[in-house]
Amino acid sequence: MKELFDGQKIIPAAHNQRDIEKISALDVSYMVMLETHVAQVKSLVQLAKSTGKKVLLHADLINGLKNDDYAIDFICQEIRPDGIISTRGNVILKAKQHKVLAIQRLFMIDSSAYSKGMGLVEKVQPDAIELLPGILPEQIAKMDACLQIPIIAGGLIERSTQIDAVLAAGATAVTTSNKDLWETVF
């Protein structure tokens with residue numbers, strides 16, 4: 001099986017067009033597109049793809065677009081990202097039907113969130129999990145031991161030592177909007 005993200009360990013996350021332009025100059029294949037709105041999402045994805053990047057689109061952060069099955073059909077058919085990130089199980093299931101990379105985003109805020117997250121992952125079987133905050137190496141190791149699904153660490157990652165720790169704990173990759181970490185070499 002081909003390695004997820006072609007072995008890329010740092011996945012830069014863009015908030016706007018300027019971020020996409022900076023990412024386009026990096027020697028990376030994948031990027032995450034965060035906040036956008038429905039009127040600009042297609043042109044931003046096309047811009048990123050025109051520079052050879054594979055776009056993981058955070059469906060929950062597209063303003064003006066409801067996260068229902070019709071919205072995901074629209075995103076997959078018209079916008080054509082390489083992957084969808086969402087906190088919603090129905091979005092992940094629909095993305096999988098469209099054969100795009102489906103990444104379930106989970107917030108680990110307490111033991112209840114952990115239990116509910118594990119149940120959701122077992123139900124929808126995403127291609128990968130994005131665990132937030134990404135500074136929880138112990139939780140990453142725990143989930144990695146329980147699941148056979150790649151884990152991506154995201155959120156609150158500010159230093160390369162944190163990246164080292166979560167990768168050592170079993171994370172496949174790290175998503176970050178921290179531009180200082182985009183060119184960290186692993």
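Among contacts in the protein between residues at least 6 apart in sequence, what percentage join residues at least 24 apart? The share is 50%, where a contact means heavy atoms within 4.5 Å.

The model is predicted: local features need pLDDT of at least 70, side-chain atom pairs count only at pLDDT 80 or more, and totals for chains, interfaces and linings use all residues. Residues are numbered from 1 along each chain as its sequence is written, and side-chain values use heavy atoms, with hydrogens and water left out.

The protein contains 7 helices and 10 strands; these are DSSP runs numbered from the N terminus, helices being H or I with at least four residues and strands being E with at least two. Its radius of gyration, 15 Å, is close to the 16 Å given by the globule rule for 186 residues, so the protein is as compact as a globular protein of that length. The radius is taken over C-alpha atoms, and the rule is 2.2 Å times the number of residues to the power 0.38. Along the principal axes, the C-alpha atoms fill a box of roughly 40 × 35 × 30 Å.

Of the 186 residues, 48% are buried (buried means under 20% relative accessible area, exposed over 50%, and partly exposed in between, with a 1.4 Å probe and protein chains only). The protein exposes about 9,000 Å², of which carbon and sulfur atoms supply 49%; accessible areas come from the Shrake-Rupley method with a 1.4 Å probe. There are 20 positive and 22 negative side chains, and the centres of the two sets lie 5 Å apart. Lys and Arg count as positive and Asp and Glu as negative, while His and the chain ends are not counted; each charge is placed at NZ of Lys, CZ of Arg, CG of Asp or CD of Glu.

Helix H4 (residues 89-97) has Gly 89, Val 91, Ile 92, Lys 94 and Ala 95 as its buried residues. Their cover includes helix H3 (69-79), strand S6 (83-86), strand S7 (101-107) and helix H5 (111-124). Lys 99, which follows H4, has a positive phi near 60°.

Asp 6 lies in the segment before strand S1 (10-14) and counts as partly exposed because its relative accessibility is 37%. Gln 125 is in the loop between H5 and S8, and at 40% relative accessibility Gln 125 is likewise partly exposed. A cis peptide bond, with omega about -5°, joins Leu 132 and Pro 133. Pro 133 is located in the loop between strand S8 (128-132) and helix H6 (137-146).
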